[in-house]
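Student: Can you walk me through this fold? I'd like to go piece by piece.

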Amino acid sequence: YQDAENFYAAALDLRVQEVALYRVVRGNRIRLDEEDELELDPLAWHSLRVVQDDDDIRANLVTLISRASGFRVVGQHQTGEQAVQEVARTAPDVVLMDINLPGISGIECVRRIRDQAPNVQIIMLTVYEDSDQIFRSLRAGANGYLLKRTSGAKLLESIRDVSAGGS
């Protein structure tokens, strides 16, 4: 395989005498359960975590992303503390991060995630075009930002772009 970090491989699990399907991501083997949808092109598959304190906005983002082809939400968090802990444990491809979170801010979360998982792409979500907060987010290590009123199509396009190395 030319890209060892992104491929599906069939592996024989000798303990239970069954064939299991795994995806290798950044050197970690992740077992895919039978109910998981498999994306045939692993390079088009993007794992995401959503960090948003507003339950309705978070639910809408998760629904939009989960229904789009090539995306999988692997976690959703209401606080920055939860997000930092989980992103460090199982780094997704992309994190959608609210700038204004209770407890530690989204900006501080970016700093902490960068320290623990430097390859994770982070897109900040904000209600207002507050240039000071946006600038501080980018200085902390965010890859870009979107307004919360951004259309679903533009959001998904932005996730694909940042996953491909854009900002």
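Student: What handedness does the β-α-β unit made by β6, α3 and β7 have?
Tutor: In this predicted model, β6, α3 and β7 form a right-handed β-α-β unit. The strands β6 and β7 run parallel, joined by five bridges.

Student: Is β6 mostly covered or exposed?
Tutor: Mostly covered. Five of the five residues of β6 are buried.

Student: Which way do V94, L96 and D98 point from β6, and which way do V95 and M97 point?
Tutor: V94, L96 and D98 point one way, while V95 and M97 point the other way. In a regular strand, side chains alternate between the two faces of the sheet.

Student: What order do the strands take in the open sheet?
Tutor: The order is β5-β4-β6-β7-β8. That makes five strands with parallel pairing. At the edges stand β5 and β8. Each has a single partner strand, so one side of each lacks a neighbour in the sheet. From one strand to the next, the twist averages 25°.

Student: What packs on that sheet?
Tutor: Helix α5 does. It touches β4, β5, β6, β7 and β8. Its direction makes about 125° with that of β6.

Student: How does the chain get from β4 to β5?
Tutor: Through helix α1, residues 55-67. That β-α-β crossover is right-handed.

Student: β5 is at an edge. Why is it still largely enclosed?
Tutor: Five of its seven residues are buried, so the rest of the structure largely encloses β5.

Student: New topic: the core. Which residues have the most contacts inside the largest nonpolar one?
Tutor: They are V95, M97, I113, V120, I122 and M124. This core has 19 residues. The elements giving two or more residues to it are α2, β6, α3 and β7. The largest share, four residues, comes from α3.

Student: What does V120 touch?
Tutor: Leaving out residues up to four places away in sequence, its contacts include V87, P92, V95, I113 and N143. There is also a second, separate core of 17 residues. Among its members are L48, V50, V73 and L155. In soluble globular proteins, nonpolar side chains tend to be buried together.

Student: Now α4. Which of its residues are buried?
Tutor: Q133, I134, S137 and A140 are buried. Seen down the helix axis, the buried residues fall within an arc of 125°, so they line one face of α4. They pack against α3, β7 and β8.

Student: And which residues are exposed on the other side of α4?
Tutor: S131 and R139 are exposed there.

Student: What comes just after α4?
Tutor: G141, which takes a positive phi of about 125°.

Student: Last one: is G165 buried or exposed?
Tutor: Exposed. Its relative accessible area is 61%, and the cut-off for exposed is over 50%. G165 lies in the segment after α5. G165 and N143 are 22 residues apart in sequence, and their C-alpha atoms are 9.0 Å apart in space.

Notes
Residues are numbered from 1 along each chain as its sequence is written. This is a predicted model: local features need pLDDT of at least 70, side-chain atom pairs count only at pLDDT 80 or more; totals for chains, interfaces and linings use all residues. Side-chain values use heavy atoms; hydrogens and water are left out. Buried means under 20% relative accessible area, exposed over 50%, partly exposed in between (1.4 Å probe, protein chains only). A crossover is right-handed if, with the strands pointing away from the viewer, the path from the first strand over the helix to the second runs clockwise. The arc is that of the directions from the helix axis to the C-beta atoms. Contact means heavy atoms within 4.5 Å. Two strands pair if DSSP finds at least two bridges between them. Axes are lines fitted to C-alpha atoms, for helices over the stretch in contact, and angles run from 0 to 180 degrees between N-to-C directions. A nonpolar core is a set of buried Ala, Val, Leu, Ile, Met, Phe, Trp, Tyr and Cys residues joined through side-chain atoms within 4.5 Å.
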